[in-house]
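Reader: Hi! I'm new to this one, could you walk me through it?
Author: Happy to. Let's bring it up and start wherever you like.

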Amino acid sequence: MTTFINSANSAAATSAAATARPAGEPPLAVTEVIGVSGMTCAACANRIERALRRAKGVTAATVNLATEQAIVTFHPETIALPALHAAIEKLGYEVVAAADAPEQACSEPTSRERESLGRQALLAGLLALSLFALEMLPMLIPAFRHALLTLMSETALHWTQLGLATLAQFGPGWRFYRKGWAAARAGSPDMHTLVMLGTSAAYGYSAAAMLFPAAFPAGTRHLYYEAAAAVIALVLLGKRLEARAKGQAGAALRRLLDLQPKTARVIRNQQTVDVPVAAICPGDLVVVRPGERIPADGRVVDGASFVDESMLTGEPLPAAKAAGCEVIGGTVNGRGSFVFRAERVGAKTVLHSIARLAQAAQGAKPPIQDVADRVVSWLVPAVLALALATFGVWWRLASLDLAVVNAVATLIIACPCAMGLATPTSILVSAGKAAQLGILFRKARAVQALANLRTVVFDKTGTLTVGRPTLTDTQVVALPPGLSEIELLGCIAAVERRSEHPVAQAVATAADAGGWPQPSVANFTALPGLGVTATVAGRAIAVGGKQLMESLGVDAKALTATVESLARAGKTPMYAALDGQLVALLAVADEVKPTAAAAVAGLRAAGLEVAMVTGDNRQTAQAVAGWLGIAEVIAEARPEAKAEAVQSFRKRGGVAFIGDGINDAPALASADVGIALGAGTDVAIEAADVVLMSGDPTGALNLIALARATMRNIRQNLFWAFAYNAALLPVAAGALYPAYGVLLSPILAGAAMGLSSLFVLANALRLRQWQPPVQR
């Protein structure tokens with residue numbers, strides 16, 4: 001038996017849960033949501049999970065890196081909530097208030113951590129530059145050294161360096177001691193641990209060489225203050241870039257919930273009053289005027305209109321609504337007005353359900369463990385063991401001074417500067433190249449997932465199609481005397497212009513673009529569900545579907561085959577009659593984008609499977625898929641069904657979902673990589689990992705090719721970063737000394753570290769010369 005406890009008053013709630021159980025029942029488990037601040041990578045989340053699961057009385061624990069929450073199921077009789085908080089804080093993380101509703105979860109995340117990283121990186125960088133100027137410039141420019149020594153003695157210069165290095169080591173660098181030591185105590189050393197050890201070795205060696213020079217052999221009394229400060233500055237810069245790249249679901253959820261209007265017009269006591277949306281109750285009669293957003297879910301009881309439900313269904317054509325029809329909160333009313341009875345309000349609406357789906361899917365993304373963090377998990381203890389062994393062997397076989405020099409050189413050669421730069425520098429250069437191509441990476445982890453894709457899933461409306469109805473076909477069946485073809489089409493367009501139906505508006509738009517003459521219209525009548533009738537220049541014109549023609553006695557059987565062919569192609573056919581005679585056939589459709597077929601073909605050529613998931617009707621979806629060569633199609637899918645479809649595709653391997661609508665947000669978040677079109681909704685863009693700013697589906701080809709090139713570059717960087725260090729580790733430990741008398745000075749160890757960093761940077765810059773497969 002499990003009881004869910006909200007964050008508010010959680011301690012009291014868990015205590016009550018522990019004492020309210022009747023005698024004889026099994027122990028009651030409660031589930032608590034704990035907010036956690038300070039997590040920077042998947043290793044952090046895994047570390048907290050392990051610590052919580054080890055606690056006695058905890059039956060389950062999962063940590064959500066995206067929402068910064070830990071969800072813990074435990075028995076309060078065995079362990080209290082404060083003990084769980086203490087277990088998290090013992091690891092070096094902060095326990096904060098957790099959001100227990102989408103409205104709270106979508107609030108803007110604090111930027112204090114990001115701003116703190118920026119300030120600390122800047123301070124460490126300034127201190128490192130000062131140390132470089134004091135240590136390196138005198139070596140390179142003798143005149144500078146002479147001028148410097150005229151201002152202060154060499155002893156004063158060394159003390160100045162010690163002061164600057166101390167500020168860097170225990171100012172900006174303190175976070176590495178705090179988190180690195182906590183990680184080491186937890187038995188899972190990470191990048192913070194390695195930075196702590198490497199910089200401490202350089203700083204400690206330098207301070208010891210300065211303060212106790214007699215204890216060091218001649219030629220080994222070198223200072224490495226600038227190396228320690230530079231490592232701190234560069235790693236902090238990488239963390240700052242990582243924090244900036246980290247996407248948040250909050251903005252997407254906030255924009256999603258903003259679709260709900262703030263107030264509603266409700267009929268109470270025979271009067272229409274404006275009330276806050278939160279005050280709507282099930283059963284209330286709500287008035288919706290033209291152009292307004294619907295404030296709750298319910299059913300129409302009076303009036304009629306067309307409602308844009310594309311946020312829910314993806315269908316580009318607004319849906320007709322009359323008495324008895326269901327309406328969804330957040331959708332947009334057209335030109336009509338109606339009254340509906342509220343059925344689902346507040347957190348029970350479909351809009352809030354979509355928000356919860358998007359929030360949950362964001363957190364359910366599989367964490368992509370950074371390659372460097374995985375290697376560091378075994379590299380740190382290995383280097384520590386090697387350094388200790390080096391110290392012990394040299395102390396036993398030679399002397400203390402050689403033991404210290406070789407042990408410190410071993411630690412310095414393993415400094416993680418290049419490891420810290422390997423991934424963020426490649427991603428930074430890649431992001432700049434992507435920006436030139438109209439691609440925006442919102443989350444750096446998307447690069448790795450894109451390089452390992454198996455399937456690309458497209459939404460249809462607005463993604464593969466233009467997203468709005470256009471007139472695609474006109475066929476004049478019988479040309480009346482005295483009218484040219486253009487004049488006839490102009491008469492039809494003049495009547496359609498008076499209609500509010502989106503299909504009719506597509507005809508009017510085509511008439512404007514084609515310059516068709518449009519005479520005045522009289523006796524206009526809209527027949528809901530059938531079409532329109534009017535009088536133009538004394539002639540009766542009717543435009544609509546088959547039922548309208550039948551009701552007017554117009555024989556349209558001759559066009560049956562043509563109409564069926566248009567329908568199979570995903571088009572909406574319309575008949576036009578003049579004075580009771582069939583004169584024209586028109587068709588409207590959401591046209592496929594010109595580059596969509598090339599995008600699908602290119603993805604298949606790249607070895608990827610292509611599928612389509614859409615909320616549109618099955619016949620239209622199959623027609624578009626057939627035209628584009630997509631074999632796998634899921635149609636008439638609502639947001640939750642789209643997310644479920646993405647999850648099923650993920651069983652085959654990595655999945656990217658490409659969409660543009662609000663209804664795509666859960667699917668975008670559920671996929672390994674969510675790709676939104678820049679012309680799409682803000683909600684879709686915020687929920688995505690990558691944005692194609694141009695809205696061109698061929699951008700997906702360039703995106704995946706760039707991601708693959710970037711991952712190759714990152715692997716090269718990581719290989720060389722470790723190869724430089726690993727190749728010199730035996731030398732640093734003194735392996736060549738017995739045979740060749742060669743020892744690696746710590747200054748050479750620092751140079752090797754710097755060289756590996758330079759190689760990583762130079763290799764990453766090669767991505768600037770990368771050329772996309774699709775040139776515009």
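Reader: Which helix does Gln161 lie in?
Author: Gln161 is part of helix α8, residues 154-170. One thing to keep in mind as we go: this is a predicted model.

Reader: Okay! And why does Gln161 count as buried?
Author: Because its relative accessibility is 1%, and buried means under 20%.

Reader: What is Gln161 in contact with?
Author: Leaving aside neighbours within four places in sequence, Gln161 is in contact with Leu131, Leu134, Glu135, Leu223 and Tyr225.

Reader: Let's switch to sheets. What is the order of the open sheet of 6 strands?
Author: The order is β16-β21-β20-β19-β18-β17, and the pairing is antiparallel. At the edges are β16 (465-476) and β17, each of which pairs on one side only. From one strand to the next, the twist averages 15°.

Reader: How many bridges join β20 to β21?
Author: There are 7 bridges between β20 and β21 (residues 581-592), and these strands run antiparallel. Met574 has Leu586 of β21 as its bridge partner, and Ala577 is partnered with Leu582 in β21. The two strands form a hairpin with 2 residues between them, and Asp579 in the turn has a positive phi of about 55°.

Reader: And what about β16 and β21, over how many bridges do they pair?
Author: Over 8 bridges, in the antiparallel sense. Gln475, for example, has Leu585 in β21 as its bridge partner.

Reader: How many residues of β21 are buried?
Author: 9 of its 12 residues are buried, so β21 is mostly covered.

Reader: Which helix lies across β16, β20 and β21?
Author: That is α22 (residues 560-568), which runs at about 10° to β21. Helix α19 (residues 485-497) lies across β16, β17, β18, β19, β20 and β21, and its angle to β18 is about 120°.

Reader: Do β25 and β26 run parallel or antiparallel?
Author: Parallel: 3 bridges join β25 (residues 673-677) to β26 (residues 690-692). In β26, Leu692 is the bridge partner of Leu677.

Reader: Now the inside. Which residues touch the most other members of the largest nonpolar core?
Author: Leu450, Ile630, Ile675 and Val690 do, in a core of 50 residues. Helix α28 (residues 699-732) gives the largest share of this core, 11 residues. Apart from it lies another core, of 27 residues, including Leu489, Trp516, Ile541 and Leu586.

Reader: What does Ile630 touch?
Author: Not counting residues up to four places away in sequence, Ile630 touches Leu464, Val600, Val610, Ala611, Met612 and Ala625.

Reader: You mentioned Ala625. Which residues are buried in helix α24?
Author: In α24 (residues 618-628), the buried residues are Thr620, Ala621, Ala623, Val624, Ala625 and Leu628. Their cover includes β16, α22, β21, α23 (596-605), β22 (609-613) and β23. Just after α24, Gly629 takes a positive phi of about 80°.

Reader: Where is Ala451 found?
Author: Ala451 sits in the loop between α18 (446-450) and β15 (453-458). It counts as buried because its relative accessibility is 18%. Ala451 and Ala707 are 256 residues apart in sequence, yet 5.5 Å apart in space, C-alpha to C-alpha. Beyond residues up to four places away in sequence, Ala451 touches Ala707, Arg708 and Met711.

Notes: Residues are numbered from 1 along each chain as its sequence is written. This is a predicted model: local features need pLDDT of at least 70, side-chain atom pairs count only at pLDDT 80 or more; totals for chains, interfaces and linings use all residues. Side-chain values use heavy atoms; hydrogens and water are left out. Two strands pair if DSSP finds at least two bridges between them. Helices (H or I, at least four residues) and strands (E, at least two) are DSSP runs, numbered from the N terminus. A nonpolar core is a set of buried Ala, Val, Leu, Ile, Met, Phe, Trp, Tyr and Cys residues joined through side-chain atoms within 4.5 Å. Buried means under 20% relative accessible area, exposed over 50%, partly exposed in between (1.4 Å probe, protein chains only). Contact means heavy atoms within 4.5 Å. Axes are lines fitted to C-alpha atoms, for helices over the stretch in contact, and angles run from 0 to 180 degrees between N-to-C directions.
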